Amino acid sequence: MKKLLTIIACASTLISTSALANKPVRLASDFTYPPFNYMDADGKPAGFDIEIADALCKEAKLTCTWVSQSWDSLIPSLMARKSDVIMASMRITEERKQRVLFTDKYYQTPARFVAAKSEPVSISKQGLKGKVIGVQTGTIHDRYVTDMFGDVAEIKRYNGQDEVYIDMQNGRLDVTFGNSDQLSLAFLDKEIGKGFEFVGQAVTDKAYIGEGTALAMRKNDEALAGKFNQAIKAIRNNGTYDKIAAKYFSFDIYGEELSK
């Protein structure tokens, strides 16, 4: 029986490896998360995630294509084989590791709260009592604010982070919570984010924030994950990663290990 299982496993690996060489790898994103992933004026995928993915595919000698899916459908669609890889700034968390196989991280940042400068907010149960908190649905940020403040605040969920910023500007939200880098670059540094600021301390709890941001795929796609891991190391070592990152960030996006 063990010999039969070994033969089956070897055959599966050979088929998987062969498929990588002959079949396009479908990368999935929701394209609602500038400057990481979004659609440009011509309707083409753009952003840090997109350029990193293109560099990884080139390094790994893979033919890659993009497919658009809503954030909350990314993992279900992966399981249904409507895509092969999730490349959408997805954090590595213990909960997600039960469902998907992650590569090594390709960036890592803490999470922060943002509120209006004119209406200071204390990030505590008392301070957020009766407040409306906006988050992108199905994210680690959604889970964090739901667990921590869902019993005292109203949690308003959105399909895309850009929708959150519009409602922040229009006064429909008191607070939002998300990746610090994205909040800064896509909101606070823009005209729409004038009058807002970070509040409270950065959240680095790995139970929620995870171990970094990575590509995700089905658990039996170890060969594909291995190719991407080798490519991540290669573009980190040959300067490609830093060249791409410098186009978007004035700080080290790769990041060190977050504190527990």
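## Helix α2

Helix α2 spans residues 48-59, and its 12 residues reach 16 Å from the first C-alpha to the last, close to the 16 Å expected at 1.5 Å a residue. The model is predicted.

The buried residues in α2 are Phe48, Asp49, Ile50, Ile52, Ala53, Ala55, Leu56 and Cys57. Following α2 comes Lys61, which has a positive phi, near 60°.

## Cavity search

How many cavities of 30 Å³ or more does a search of the whole structure find? The search finds one. The largest cavity holds about 140 Å³ of space.

## Lining of the cavity

In the predicted model, 17 residues line the largest cavity. Those nearest its centre are Tyr33, Ser89, Gln136, Thr139 and His141. Two or more lining residues come from each of β6 (85-91), α5 (140-149), α6 (161-169), β11 (175-179) and α7 (180-188). Among these elements, β6 gives the most to the lining, with three residues.

Sorted by class, the lining of the largest cavity consists of six nonpolar, eight polar and three charged residues.

## Domains at the cavity

Which domains each give at least three residues to the lining of the largest cavity? They are domain 1, made up of 25-108 + 210-247, and domain 2, covering 111-203.

Conventions: Residues numbered from 1 in each chain as written. Predicted model: local features only at pLDDT ≥ 70, side-chain atom pairs only at ≥ 80, totals over all residues. Heavy atoms only, no water. 1 Å grid on protein atoms, 1.4 Å probe; cavity = no way out; pocket = protein on both sides within 12 Å on 5 of 7 lines; lining within 4 Å. Points joined across faces, edges and corners; volume = space filled by probe spheres on them. Helix = DSSP H or I, 4+ residues; strand = E, 2+ residues; numbered from the N terminus. Nonpolar A, V, L, I, M, F, W, Y, C, P; charged D, E, K, R; others polar. Domains from an automatic or database assignment. Expected span 1.5 Å × (residues − 1). Buried < 20%, exposed > 50% of the residue type's maximum accessible area, 1.4 Å probe, protein only.
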